[in-house]
Amino acid sequence: MKILMAEDDTTSRLLFGATLRKLGYTVTAVENGQKAWETWKQDEYSLLISDWMMPDIDGPQLCKMIRAEPSLQYTYIILLTSLDSKGSYLEGMDAGADDFITKPFDEEQLAARLRVAERILALHKKLHIQATHDRLTGVWNRAAIMDHLEEEVERAACQSTCIGVVVADLDHFKRINDTYGHPAGDTVLQEAARRMRLVLRPHDRIGRYGGEEFLITVSSCTGSDAMILAEQIRNSISMEPVDSRSGEISMTVSLGVTVGGDRIGEDTGTLIAAADKALYRAKIAGRNRVEF
Ligand code: GH3
Ligand code: MG
Ligand code: MG
Ligand code: MG
Ligand code: MG
């Protein structure tokens with residue numbers, strides 16, 4: 001695990017760094033709060049050990065700044081201090097610190113406190129994955145893909161690029177459930193999600209938007225890029241049947257495509273509505289097809 005450490009006293013920094021490395025951690029050591037803040041922002045560290053008293057930004061201040069920043073992963077913060085009064089303990093905790101280590105530090109105690117940090121971080125990661133992913137298919141859930149789409153629309157507006165939105169809905173999925181049973185339907189959904197993921201480019205994202213409906217964001221693309229991707233998805237879904245316990249099941253998908261991000265006042269709702277309309281046209285036109 002990577003640890004960011006901020007300590008203005010050179011001897012203490014070297015000693016602490018050496019101990020952390022001996023315990024098996026990778027350490028980036030910086031000499032003040034400002035540098036810690038810049039380093040943390042660049043490369044989100046999940047574990048920060050910060051001295052309390054430092055020139056410019058001190059430990060508690062650094063805690064507050066990190067806690068105020070929206071970030072994907074939690075940063076576990078341990079304050080390092082020779083202060084030992086109840087008052088400073090409370091101030092540090094209220095600033096957002098998770099734990100304290102008093103100087104001079106005891107190596108065994110430090111190791112144990114770091115094990116606690118790892119435990120909490122692992123739990124946080126697990127909960128975060130549960131909150132953002134669809135359990136059945138493993139792709140993002142509706143909330144996560146919507147959040148991502150919102151960010152992408154904002155980014156597209158700032159950078160004057162376009163964002164593609166593809167809505168993919170499995171065809172006659174109810175029939176698959178009715179014919180082969182719900183568990184087989186689940187297998188088909190899992191396989192559909194897997195095939196779609198394989199087609200995506202590195203910055204494209206997919207989420208389960210509804211029961212048998214997926215939303216795909218296509219980053220910095222033109223209309224024809226998005227159409228090509230949607231066509232690849234259509235093809236990969238229909239290419240060969242899915243092996244399930246109830247036998248081989250053929251599936252097809254209909255896709256609605258739209259591109260936006262460069263028009264004033266456009267929001268995620270407008271984009272999704274346009275992709276939905278295109279999807280509706282694909283269904284009406286006979287399914288297993290892509291419409292813009
Ligand atoms: P269309 O081509 O018009 O989209 O027809 P359809 O049958 O796919 O659409 P409809 O909306 O009528 O039915 C969707 C079905 O998807 C109904 C629902 O029971 C099923 N479904 C939704 N979520 C799940 C799931 O997690 N597992 C399984 N097995 N079925 C699901
Ligand atoms: Mg200091
Ligand atoms: Mg359907
Ligand atoms: Mg339907
Ligand atoms: Mg549907």
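The following legends describe close-up views of a predicted model. Local features are given where pLDDT is at least 70, side-chain atom pairs count only at pLDDT 80 or more, and totals for chains, interfaces and linings use all residues. Residues are numbered from 1 along each chain as its sequence is written, while chains are lettered from A and ligands numbered from 1 in the order in which they are written.

**View 1. Helices α2 and α3 pack roughly parallel to each other.** Helices (H or I, at least four residues) and strands (E, at least two) are DSSP runs, numbered from the N terminus. The axes of α2 (residues 33-42) and α3 (residues 59-68) come within 10 Å and cross at roughly 20°. This makes the pair roughly parallel; angles under 35 degrees count as roughly parallel, over 145 as roughly antiparallel, 65 to 115 as roughly perpendicular and the rest as oblique. Axes are lines fitted to C-alpha atoms, for helices over the stretch in contact, and angles run from 0 to 180 degrees between N-to-C directions. Gly33, Ala36, Trp37 and Trp40 of α2 meet Gln61, Leu62, Met65 and Ile66 of α3, where contact requires C-beta atoms, placed from the backbone, to lie within 7 Å. Ala, Val, Leu, Ile, Met, Phe, Trp, Tyr, Cys and Pro count as nonpolar, Asp, Glu, Lys and Arg as charged, and the others, Gly among them, as polar.

**View 2. Helix α3 also packs against helix α4.** The axes of α3 and α4 (residues 86-95) are 8 Å apart, at an angle of about 20°. These two helices are therefore roughly parallel. Gly59, Pro60, Cys63 and Lys64 of α3 meet Glu91, Gly92 and Ala95 of α4. Three nonpolar, two polar and two charged residues make up the contact.

**View 3. Ile57 lies in the loop between β3 (47-51) and α3.** Ile57 is partly exposed because 18 other C-beta atoms lie within 10 Å; a residue is buried with 20 or more such atoms, exposed with 12 or fewer, and partly exposed in between, C-beta atoms being placed from the backbone. Beyond its neighbours within four places in sequence, Ile57 is in contact with Gly33, Gln34, Trp37 and Leu62. The C-alpha atoms of Ile57 and Asn32 are 7.3 Å apart, although the two residues are 25 apart in sequence.

View 4. Most peptide bonds are trans. Helix α5 has 26 residues and reaches 37 Å from its first C-alpha to its last. Two of the 26 residues are buried, so α5 lies largely in the open.

**View 5. His133 occupies the loop between α5 (107-132) and α6 (142-159).** His133 is partly exposed, with 16 other C-beta atoms within 10 Å. Not counting residues up to four places away in sequence, His133 touches Gly138, Trp140 and Asn141.

**View 6. Ser220 and Asn288 each have a positive phi.** Phi of Ser220 is near 30°, and phi of Asn288 is near 50°. Ser220 is in the loop between β8 (213-218) and α9 (223-238), whereas Asn288 is in the loop between α10 (268-284) and β12 (290-291). Ser220 is partly exposed, with 16 other C-beta atoms within 10 Å; Asn288 is partly exposed, with 18.

Note on methods. Two residues are in contact if their C-beta atoms, placed from the backbone, lie within 7 Å. The expected span of a helix is 1.5 Å times one less than its number of residues.
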